[in-house]
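Trainee: Could you walk me through this one? I have not looked at it before.

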Amino acid sequence: MSALFIADLHLSEHCPDNTRAFLGLLAGQARGVDALYILGDLFEYWAGDDDCGIPLNREIGEALATLAARGTRIGFVAGNRDFLVGEDFARHAGLTILADPTVLDLDGRRVLITHGDSLCTDDHAYQAFRHQVRSPQWQRAFLARPLEERKQVIEGLRRHSETAKQEKTLDIMDVNAAAVDALLRAHDYPTLIHGHTHRPARHVHQVDGRACERWVLSDWRGTANWLLWDGTEFRPGP
Ligand code: LP5
Ligand code: MN
């Protein structure tokens with residue numbers, strides 16, 4: 001089988017280049033693979049599935065649905081920006097929301113996919129925030145608020161996050177090596193693929209004497225970026 005892995009597109013009306021690149025990928029390379037895995041932060045932010053007044057959200061959903069209808073499976077692992085993507089959007093876009101993390105079987109090779117934010121365990125302020133907003137009760141209460149109010153809260157939080165990040169070192173915002181090892185151990189030493197840190201690379205972790213690859217996906221900066229499984233090996237592209 002073949003599969004494309006992408007993450008951190010941060011699609012919004014303010015970045016038409018990424019949208020163009022994504023629509024190009026959906027109408028091009030993605031048609032030639034069996035599966036497309038989106039590992040979070042597809043959107044700059046997602047305020048709820050009822051935010052369909054934004055033409056971009058509809059357009060992206062329809063383009064994904066067209067790809068799914070042509071036979072490419074689409075799996076979505078939520079990021080810290082779009083964890084409120086729900087089943088309504090999933091149905092509209094023809095995608096399946098996957099748990100974070102999820103183990104895939106690629107031609108007999110076990111591959112663990114995650115957004116990656118849960119591995120940044122040194123970022124205590126973020127992890128406390130994450131714990132709160134990932135609770136179903138919190139999400140139900142937040143989604144019950146009017147859409148415009150939700151968007152205002154998110155815009156405020158975005159500003160807060162940008163300020164908070166200035167005070168954090170790059171090390172704090174990277175994955176914690178022990179957290180990576182623990183995850184690899186817990187899933188029986190798979191290959192790991194994640195995004196979030198925007199530091200594309202291929203790492204090899206030695207865990208309990210086992211060598212595990214860790215691929216970090218690139219964010220998109222006006223052009224497409226992916227990791228391709230071609231049935232035999234992984235290759236970053238384009
Ligand atoms: O995404 P990125 O790389 O910029 O930053 C992340 C972490 N920040 C976030 C916040 C998001 O940017 C914004 C949320 C998107 C929408 C979610 C939908 C609904 C949420 C509703 C919320 C009320 O994820 C950043 C990490 C960084 O990755 C690197 O890993 O450091 O973490 C933070 O900045 C979090 C702060 O450190 C702690 C936040 C405490 C929250 C305090 C509440 C303030 C509310 C203000 C609103 C008026
Ligand atoms: Mn992220």
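This is a predicted model: local features need pLDDT of at least 70, side-chain atom pairs count only at pLDDT 80 or more; totals for chains, interfaces and linings use all residues.

Trainee: Is C120 buried or exposed?
Mentor: C120 counts as buried because its relative accessibility is 3%; buried means under 20% relative accessible area, exposed means over 50%, and partly exposed is in between, with a 1.4 Å probe and protein chains only. C212 is also buried, at 2%.

Trainee: Where does C212 sit in the fold, and what stands opposite C212?
Mentor: C212 is in strand β9, opposite H205. Strand β9 covers residues 210–216 and pairs with β8 in the antiparallel sense over seven bridges. Strands (E, at least two residues) and helices (H or I, at least four) are DSSP runs numbered from the N terminus, and two strands pair if DSSP finds at least two bridges between them.

Trainee: What is the strand order in that sheet?
Mentor: The sheet is open, with five strands in the order β5-β6-β7-β9-β8 and mixed pairing. At its edges are β5 (102–106) and β8 (201–207), each with a single partner strand, so one side of each has no neighbour in the sheet. From one strand to the next the twist averages 25°.

Trainee: Which helix packs on the sheet?
Mentor: Helix α7, residues 177–186, touches β6 (109–114), β7 (191–194), β8 and β9, and its direction makes about 70° with that of β8. Contact means heavy atoms within 4.5 Å, while axes are lines fitted to C-alpha atoms, for helices over the stretch in contact, with angles from 0 to 180 degrees between N-to-C directions.

Trainee: Changing topic, what coordinates the manganese ion?
Mentor: The manganese ion, ligand 2, is coordinated by D41 (OD), N80 (OD1), H115 (NE2) and H196 (ND1), at 2.1 to 2.2 Å. Donors are N, O and S atoms within 2.8 Å of the metal (3.2 Å for Na, K and Ca), and since water is not among the atoms, sites may look incomplete. Two of these residues link distant parts of the chain: D41 is in the loop between β2 (35–38) and α2 (55–69), and H196 is in the loop between β7 and β8, 155 residues apart. D41 counts as buried, at 2% relative accessibility.

Trainee: And what about the sheet of six strands, what is its order?
Mentor: That open sheet runs β4-β3-β2-β1-β10-β11, with mixed pairing, and its edge strands, β4 (96–98) and β11 (234–237), each pair on one side only. Strand β10, residues 226–229, runs antiparallel to β11 and is joined to β11 by four bridges, with L228 and R235 as bridge partners.

Trainee: Last one, where is E149?
Mentor: E149 is in helix α6, residues 147–166, and is partly exposed at 33% relative accessibility.

Key:
Residues are numbered from 1 along each chain as its sequence is written. Chains are lettered from A and ligands numbered from 1 in the order in which they are written. Side-chain values use heavy atoms; hydrogens and water are left out.
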